[in-house]
Amino acid sequence: MKWTVALQAEGDREIRLEEVVELADAVASHGGVASGMGTHSYGAQIVVEAATSDEAVEVAVAMFTAAAERAGLPSWPVVSVETDGDEEAMDWYEDIPDGRGFNDGAEA
């Protein structure tokens with residue numbers, strides 16, 4: 001199952017644009033995007049393959065840490081991790097009542 005994992009590391013100095021660009025390059029191969037310019041943190045959202053949310057976090061933290069190192073970012077602690085799995089998204093869509101979907105044929 002595919003999981004989207006958002007991670008954030010926090011530290012003691014402001015992150016520069018160039019550093020975020022380097023992080024974005026480092027996570028791009030994992031369907032990733034990066035953030036953090038002008039803040040005392042950097043983050044990324046990446047896509048991983050895993051059986052469970054806990055396994056996704058474990059895989060993503062390793063990828064994130066390696067990407068931050070490749071980008072030359074400080075080795076700050078990960079302070080936030082959120083996961084969203086394909087099945088969780090499908091469950092959300094299943095909860096939409098009939099006639100309330102995006103493609104129910106109704107005129108706007």
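Helices (H or I, at least four residues) and strands (E, at least two) are DSSP runs, numbered from the N terminus, and the expected span of a helix is 1.5 Å times one less than its number of residues. The views below come from a predicted model, in which local features need pLDDT of at least 70, side-chain atom pairs count only at pLDDT 80 or more, and totals for chains, interfaces and linings use all residues. Residues are numbered from 1 along each chain as its sequence is written, and side-chain values use heavy atoms, with hydrogens and water left out.

**View 1. Helix α2 from end to end.** Here is α2, residues 53-70. Its 18 residues should span 26 Å at 1.5 Å a residue, and the end C-alpha atoms are 25 Å apart, which agrees. After the helix comes G72, with a positive phi near 80°.

View 2. Look for A56, A60, F64, A67 and A68, which are buried (under 20% relative accessible area with a 1.4 Å probe, protein chains only; exposed is over 50%, and partly exposed lies in between). Seen down the helix axis, these buried residues fall within an arc of 95° (taken from the directions from the axis to the C-beta atoms), so they line one face of α2. On the other side, D54, E58 and E69 are exposed. The buried residues pack against β1 (2-10), α1 (17-27), β3 (41-49) and β4 (78-85), where contact means heavy atoms within 4.5 Å.

**View 3. An aromatic cluster around Y42.** Ring pairs link Y42, F64 and W76 into a cluster. Rings of Phe, Tyr and Trp (its six-membered ring) pair if their centres lie within 6.5 Å; planes under 30 degrees apart count as stacked, over 60 as edge-to-face and the rest as tilted. The structure holds two such pairs. Y42 and F64 have ring centres 5.7 Å apart and planes at 40°, so this pair is tilted. It joins Y42 in strand β3 to F64 in helix α2, 22 residues apart. Y42 and W76 are stacked, at 5.6 Å centre to centre and 25° between the planes. W76 sits in the loop between α2 and β4, 34 residues from Y42. Y42 is buried, with a relative accessible area of 3%, and W76 counts as buried at 13%.

**View 4. The largest nonpolar core.** This core is a set of buried Ala, Val, Leu, Ile, Met, Phe, Trp, Tyr and Cys residues joined through side-chain atoms within 4.5 Å, and it has 22 residues. Those with the most contacts inside it are V5, L23, Y42, I46, V48, F64 and L73. The elements giving two or more residues are β1, α1, β3 and α2, and α2 gives the most, with five.
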